Amino acid sequence: MTVLRALAFNLYFILLTIVMGIMAFPIRLVAPGRALAYARLWTALTLRGLCRICNIDIQVSGRENLPAGPCLLACQHQSMFDTLVWMNLVPRPTYVMKRELERIPLVGPMLRLSGMIPVDRDGKARALRALLAEADRAVSDNRQIIIFPEGTRRPPGAPISLQPGIAALSGHTRVPVIPVVTDAGLHWGPNALVKQPGTIHIVIGAPLPDGLRRAQLLPAIGAAWRELCADHALPLPAPDTTT
């Protein structure tokens with residue numbers, strides 16, 4: 001039954017994406033300012049389908065730790081679920097995403113219009129300058145910036161290995177850094193077609209201290225993740241390999 005439910009959700013997701021992607025053409029042409037609202041509708045319908053079809057619940061703890069204005073959400077990344085759920089958890093989300101996603105038919109053009117931040121992971125210094133400029137725009141637009149500091153999806157319990165981009169963003173923007181943990185990978189694995197029933201937990205931690213340098217920030221994120229996982233009985237990451 002779990003496999004059949006997963007197949008039904010996958011079909012629902014594909015059809016929903018195609019239909020809404022086609023219906024997005026008028027927005028792209030005449031109402032680009034509505035792109036974020038439209039993207040939020042797409043993700044809301046996607047997650048509603050996931051919950052109803054695959055018998056998955058979503059439990060969010062720590063919402064009181066979210067500031068009213070812009071911030072950096074330093075999130076564990078275990079699943080495609082993570083790239084969807086924040087669209088409807090904060091009022092003005094902006095994801096830091098790999099530039100290749102802009103090439104996805106129908107979806108890609110809407111990502112840019114809705115204010116997502118594409119990053120060329122091979123662009124080095126030029127890519128970093130572009131990232132910081134886009135972050136300035138997001139902060140001035142009162143957006144919440146979602147970033148996955150590990151840079152790729154990792155299974156629950158994997159060692160923590162953080163990339164330095166979040167340190168550059170934190171030092172440049174000076175907005176609060178909020179650690180976030182999840183167990184989404186237990187129900188929607190990194191590359192899993194089958195979705196396991198149960199409850200996906202998202203735990204939002206307290207903001208990290210202001211003014212941390214790179215050498216301090218990356219270990220602080222790892223320590224906060226481990227503490228949050230331990231406190232909420234989520235899969236505990238192995239000792240980190242951050243340098």
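Predicted model: local features only at pLDDT ≥ 70, side-chain atom pairs only at ≥ 80, totals over all residues.

Now step back into the helix itself. α6 covers residues 124-140, and Glu 134 is one of them. With 17 residues, α6 reaches 25 Å from its first C-alpha to its last, close to the 24 Å expected at 1.5 Å a residue.

Which side of the helix faces inward? The buried residues of α6 are Ala 127, Leu 131, Leu 132, Glu 134, Ala 135 and Ala 138. Viewed down the axis of α6, these buried residues fall within an arc of 165 degrees, so they line one face of the helix. The general rule behind such patterns is that an α-helix has 3.6 residues a turn, so residues three or four places apart point the same way. On the face of α6 turned away from the buried side you will find the exposed residues Arg 126, Arg 129 and Ser 140. As for partners, the buried residues pack against β3 (93-98), α5 (107-113), β4 (117-119), β5 (144-147) and α7 (165-173).

That brings us to Glu 134. Its relative accessibility is 18%, and because the cut-off for buried is under 20%, Glu 134 counts as buried. The Glu 134 side chain makes a polar contact with the side chain of Arg 137, at 2.9 Å. If you set aside neighbours within four places in sequence, Glu 134 is in contact with Arg 112 and Ile 117.

Terms used
Residues numbered from 1 in each chain as written. Heavy atoms only, no water. Helix = DSSP H or I, 4+ residues; strand = E, 2+ residues; numbered from the N terminus. Buried < 20%, exposed > 50% of the residue type's maximum accessible area, 1.4 Å probe, protein only. Polar contact = N/O pair within 3.5 Å; in protein donor to acceptor, adjacent residues only side chain to side chain. Contact = heavy atoms within 4.5 Å. Expected span 1.5 Å × (residues − 1). Arc of directions from axis to C-beta.
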